[in-house]
Amino acid sequence: MDTGKGEHYLSTANENKQEEISGNTLRVYWYILKKRESCGVREIQRVLGFSSSSSAHYHLEKLAAKGFLIKNKYGSYQANNKVKTGIISPFVFIHGFIFPRQLFYAMVTTIMNILFLIFFWRFLVLTVALALAPGILACIIFWYETMKLWPSRPSFEESVR
């Protein structure tokens, strides 16, 4: 949702109010989600290429104040698993890698269509082809959505100096 001031707001799963996450704050949040462990201020500064630790501290505190991160007694921050933002819902995190959710749907529908063709190749008539058409259409849509969403994944490697 756009407020007209150029600010974009994202909702959390456990709250009705809208929360703002963008720019470097979003990069910090993505990094902590990707790492799946607690992080300190200096690590965030180093990995994301902030010029000072106060910049990293600002973004971490902003996320903690909004409930996206939890600060432990040692001063490290970790993701609050009870809060989900709209920006991460289209992605799946597997062993530190980020994938669009549609990628898995696209792979499954592609495999199903290939298996259908393998098993019914000898019986390929117009009726069988028409039965396959919705699967092919779904496959095309999932691959299109995956390719459209893929560039919006944040890259942390280019931030490292």
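Predicted model: local features only at pLDDT ≥ 70, side-chain atom pairs only at ≥ 80, totals over all residues.
Visitor: Why is glutamate 43 called buried?

Guide: The relative accessible area of glutamate 43 is 16%, and because buried means under 20%, that value places glutamate 43 among the buried residues.

Visitor: How do you know that the side chains of glutamate 43 and lysine 35 meet in a salt bridge?

Guide: Their N to O distance is 2.6 Å, and because a salt bridge asks for a side-chain nitrogen of Lys or Arg within 4 Å of a carboxyl oxygen of Asp or Glu, the pair qualifies.

Visitor: What makes lysine 148 and glutamate 145 a salt bridge?

Guide: The closest N and O atoms of lysine 148 and glutamate 145 are 3.9 Å apart, which is within the 4 Å limit, so this pair is also counted as a salt bridge. Both residues belong to helix H5 (residues 126-149), where, being three residues apart, they are separated by about one helical turn.

Visitor: How do you know that the buried residues of H3 line one face of the helix?

Guide: The buried residues of H3 are Ala56, His59, Leu60 and Leu63. Seen down the axis of H3, these buried residues fall within an arc of 95 degrees, so they line one face of the helix. The face turned away from that buried side carries the exposed residues Ser54 and Ala65.

Notes
Residues numbered from 1 in each chain as written. Heavy atoms only, no water. Buried < 20%, exposed > 50% of the residue type's maximum accessible area, 1.4 Å probe, protein only. Helix = DSSP H or I, 4+ residues; strand = E, 2+ residues; numbered from the N terminus. Arc of directions from axis to C-beta.
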